[in-house]
Number of protein chains: 2
Amino acid sequence: MSKADLGLIQKLREISGLGMLDCKKALEEAGNDLDKAIDLLRKKGAAVAAKRADKGTSEGIVHAYIHPGSQIGVLVEINCETDFVAKITEVRDFANDICLQIAALKPEFLAPEDVSPEFLAKERDILAEQLKNSGKPANMLDKIVEGRINKLYSEICLTKQPFLKNDTLTVEEAVKELMAKTGENIKIKRFARFEIGA
Amino acid sequence: MSKADLGLIQKLREISGLGMLDCKKALEEAGNDLDKAIDLLRKKGAAVAAKRADKGTSEGIVHAYIHPGSQIGVLVEINCETDFVAKITEVRDFANDICLQIAALKPEFLAPEDVSPEFLAKERDILAEQLKNSGKPANMLDKIVEGRINKLYSEICLTKQPFLKNDTLTVEEAVKELMAKTGENIKIKRFARFEIGA
């Protein structure tokens, strides 16, 4: 049985409201896995909330945009390192620009790594079929498919889209510019876009 | 090969911008499956957007709420039958009440049918373990577990939560009341809740 981590004991006490010893024992039994320790305590009857332990630590803001007519709405979370930077005008303006971007350009994913494998497989299949009778040499086809997939990313992935406010940059590059301006690590953590009838 | 459905041909023409005959042929090949017909057209090189066909038909509104301090944000979509009802004050007010409800009561799912099977299995496991040494007769245990699961739903599922504005009703019942008032079928279609550090 491993020794319980002191920081985790503290965290578990905050979450569960239980005493030091109970938390220590649960963490030791769970090999310092916080979620597992919570499950163990709950199995023993502790009234720990069924919700997952909040592991986030970053600062940031949540921003929304409702397009006039209320048929399109966007919610976005921007993370940064300090509460101070979260409150400055540049970050708020950027959050608003990103909301407008999402409303207008309808990204389906945050970044290429978020594109579902099924979606990608289907796209590759369609591209391969389109190119089959193109007469292009086989060794070029892979490169063409890759090029087209990258083009697809620039349409469906927010970070790869041209930044609407200044389309000499991608959204990814605009984030980097904001990082340089504020001196902090900044990222777009997540977004939701709802449209009536879509 | 099945005969192409006229309504679908029209829909496919709108989506693809292609002529009647191409759309008819694709739909026949695809057995009147719109998504499949789009894939077939794309494989033949038609410049149909990679996005899924928009099948929604309902009216409604998207509404957002940002809690002061911008650490919590909520986006909600309410559907109804007509554009007229979507615009009335009662529906707007209800959308706002639901946003406040989601911000405060943190539902994780829209309704019991949206709770993931893994989440449910884990909860059942924990409840069974808690009750094992309770001394209760075996034929009562199932009922107790069901009762606790229903209690859990009233915490984590939006439709089963007490309605904050008037907690003699559940959210589900508040929707029904609004349906009676407007004479239209109304539903909460989806929501997103972002909280910094959560």
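**Entry 1: Asp39(A)**

I began with Asp39(A), which I found in helix H3 (residues 34-43) of chain A, where helices (H or I, at least four residues) and strands (E, at least two) are DSSP runs numbered from the N terminus. The model is predicted, so local features need pLDDT of at least 70 and side-chain atom pairs count only at pLDDT 80 or more, while totals for chains, interfaces and linings use all residues. Residues are numbered from 1 along each chain as its sequence is written, chains are lettered from A and ligands numbered from 1 in the order in which they are written, and side-chain values use heavy atoms, with hydrogens and water left out.

Is Asp39(A) buried or exposed? I noted that Asp39(A) is buried, at a relative accessible area of 17%; buried means under 20% relative accessible area, exposed over 50%, and partly exposed in between, with a 1.4 Å probe and protein chains only. Leaving aside neighbours within four places in sequence, I found Asp39(A) in contact with Lys122(B) and Ile126(B), contact being heavy atoms within 4.5 Å. With Lys122(B) there is also a salt bridge, whose closest N and O atoms are 3.3 Å apart; the term requires a side-chain nitrogen of Lys or Arg within 4 Å of a carboxyl oxygen of Asp or Glu. I also looked up the C-alpha separation of Asp39(A) and Ala26(A), which are 13 residues apart along the chain, and it is 9.1 Å.

**Entry 2: the two chains together**

I then turned to the interface, where 50 residues of chain B are in contact with 50 residues of chain A. The area buried between the two chains is about 3900 Å², and carbon and sulfur atoms give 55% of that area; buried area is the accessible area (1.4 Å probe) that two parts lose on being put together, summed over both. I recorded four salt bridges between chain B and chain A. Since 100% of the interface residues of chain B are also interface residues in chain A, the copies meet through the same surface.

**Entry 3: strand E2 of chain B**

Next I followed strand E2 (residues 72-80) of chain B, in which nine of the nine residues are buried, so that E2(B) is largely enclosed by the rest of the structure. In a regular strand the side chains alternate between the two faces of the sheet. Here I see Ile72(B), Val74(B), Val76(B), Ile78(B) and Cys80(B) pointing one way, and Gly73(B), Leu75(B), Glu77(B) and Asn79(B) the other.

E2(B) pairs in the antiparallel sense with strand E1 (residues 59-66) of chain B over eight bridges, and two strands count as paired if DSSP finds at least two bridges between them. In this pairing Ala64(B) stands opposite Leu75(B). The hairpin of E1(B) and E2(B) has five residues between the strands, and Gly69(B) there takes a positive phi near 105°. Eight bridges also join E2(B) to strand E3 (residues 187-195) of chain B, again antiparallel, with Asn79(B) opposite Lys187(B).

**Entry 4: the nonpolar core**

Which residues touch the most other members of the largest nonpolar core? Of its 28 residues, they are Val76(B), Ile78(B), Phe94(B), Ile98(B), Leu158(B) and Ile188(B); such a core is a set of buried Ala, Val, Leu, Ile, Met, Phe, Trp, Tyr and Cys residues joined through side-chain atoms within 4.5 Å. I listed E1, E2, helix H4 (83-86), helix H5 (89-105), helix H8 (171-182) and E3 of chain B as each supplying at least two residues of this core, and H5(B) gives the largest share, seven residues.

Leaving aside neighbours within four places in sequence, the contacts of Ile78(B) include Phe94(B), Ala95(B) and Ile188(B), and also Ile196(A) from the other chain.

**Entry 5: Lys106 in both chains**

Last, I checked Lys106(B), which lies in the loop between H5 and helix H6 (117-132) of chain B. Phi of Lys106(B) is near 45°, a positive value in a residue other than glycine, and Lys106(B) is partly exposed at 38% relative accessibility. Lys106(A) likewise has a positive phi, of about 45°, and counts as partly exposed at 38%.
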